[in-house]
Amino acid sequence: MTKTTGCTFPTEWHRQDAVLMAFPHGGTDWADDLKGALTPFVRIASSIAYNEPVIIVCDDPESTKSLFCEIRNITFVRLPTNDTWARDFGPITVYEKGKRKFLDFTFNGWGNKFESALDNAVTEALIEKGYLYGGYEKVDFVLEGGSIETDGTGTLLTTSRCLLNPNRNPGMDKSAIEALLKEKLCIERILWLDHGELEGDDTDAHIDTLARFVDAETIIYAACDDPEDAHYEPLKRMEAQLATFRTKEGNPYRLVPLPIPSPKHDRKGRRLPATYANFLITNHAVLLPVYDDARDKPTVELFKTLFPGREVIPINCLKLIEQGGSLHCVTMQIPSFYQE
């Protein structure tokens, strides 16, 4: 907690009221195989809804409902969207004096790579329609949820390649960006990763594809053990830098390597950004992306040891990575109204 403001930035494992998703439709990049694209979205939403509410933004609520065998715990909201990456255009939540506040940062399609005006309007529309309730602040700063990771005790983990990229907030240097993030996200310090990236990633190295907090003392990270793989050197440099990071108490983090899946490619031969680091923590489960890969099963077993109090649910996300993202990218948790 930031002592002067009574403000905190909660972790993903903090108690949640719901998870936000945005479903594919004919106007998105999924249009060529909409039926196939919807399959992982339905599986993800159904897995979450078994134990906690899901808010689904979609173009046609009635047709979207028909995709589900069970719609308990699911709310369907008709809103226009450009795409489906709720992690990056959804609200980023902090607590002020024990109550949640939604921060609505600007989403510019990962540096104006894609049209994003409709997505950028989603959070405000959900607030206005009453589907999200709490404090609200529009923030004139480009920031995506997938680019930041917190331990819940005042530390932010991010990548310099993304947050310092001039395609996000041109004219702002590192010190100015740090000052804004510390103020808005109620954090005390930032750990900047300068290395690590995945081929096929449009986000300029989002942290949620590379390294994640499991608890305040543990970081799980994408690792590559094949010297012939293009990811080998960048991820080795990232691993070395992670080893230099220290907790607030001055101790080295417990680092848990997470081998990347074997290379996956689209029809044109372009490598896709498959990563197990793109998992979602919910109240009772961890949803883990898998890719019909020999490393899927041992990764599931690893996650069972890392999250002994939660069910580990593997979900095939081969379809999602065709458009450059995975499971975490299509979800955004909504923390509980009260900090508790």
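**Cavities and cysteines**

I began with the second largest cavity, which holds about 50 Å³ of space. A reminder to myself: this is a predicted model.

Next I listed what lines this second largest cavity: Asp 201, Thr 203, Thr 209, Pro 273, Thr 275, Asn 278, Gly 324, Gly 325, Ser 326 and Cys 329. Sorting that lining by class gave me two nonpolar, seven polar and one charged residues.

How many cavities of 30 Å³ or more are there? I counted four. The largest cavity has about 190 Å³ of space. I found 16 residues lining the largest cavity, and those closest to its centre are Phe 9, Pro 10, Arg 87, Ile 148 and Gln 333.

Which strands supply at least two residues each to the lining of the largest cavity? I noted β5 (92-96), β8 (148-150) and β17 (332-335). By class, the lining of the largest cavity splits into seven nonpolar, six polar and three charged residues.

Then I turned to the cysteines. I found one disulfide in the structure. Cys 7 pairs with Cys 186, and I read 1.7 Å between their sulfur atoms. That falls within the 2.5 Å cut-off for a disulfide.

Is this disulfide right-handed or left-handed? The torsion about the S-S bond of Cys 7 and Cys 186 is about 45 degrees, so I wrote down right-handed. I also checked where the two partners sit: Cys 7 is in strand β1 (residues 7-8), while Cys 186 is in the loop between α8 (174-185) and β10 (189-193). The pair therefore ties together parts that are 179 residues apart in sequence. Cys 7 and Cys 186 are both buried.

Are Cys 162 and Cys 317 buried or exposed? I have Cys 162 as buried, with a relative accessible area of 1%. Cys 317 is buried too, with a relative accessible area of 0%.

Conventions: Residues are numbered from 1 along each chain as its sequence is written. This is a predicted model: local features need pLDDT of at least 70, side-chain atom pairs count only at pLDDT 80 or more; totals for chains, interfaces and linings use all residues. Side-chain values use heavy atoms; hydrogens and water are left out. Helices (H or I, at least four residues) and strands (E, at least two) are DSSP runs, numbered from the N terminus. Buried means under 20% relative accessible area, exposed over 50%, partly exposed in between (1.4 Å probe, protein chains only). On a 1 Å grid over the protein atoms alone, a cavity is a set of points where a 1.4 Å probe fits but cannot get out, and a pocket is an open set with protein on both sides within 12 Å along at least five of seven lines; lining residues have an atom within 4 Å of a point. Grid points are joined across faces, edges and corners, and a volume is the space filled by probe spheres set on the points. Ala, Val, Leu, Ile, Met, Phe, Trp, Tyr, Cys and Pro count as nonpolar, Asp, Glu, Lys and Arg as charged, and the others, Gly among them, as polar.
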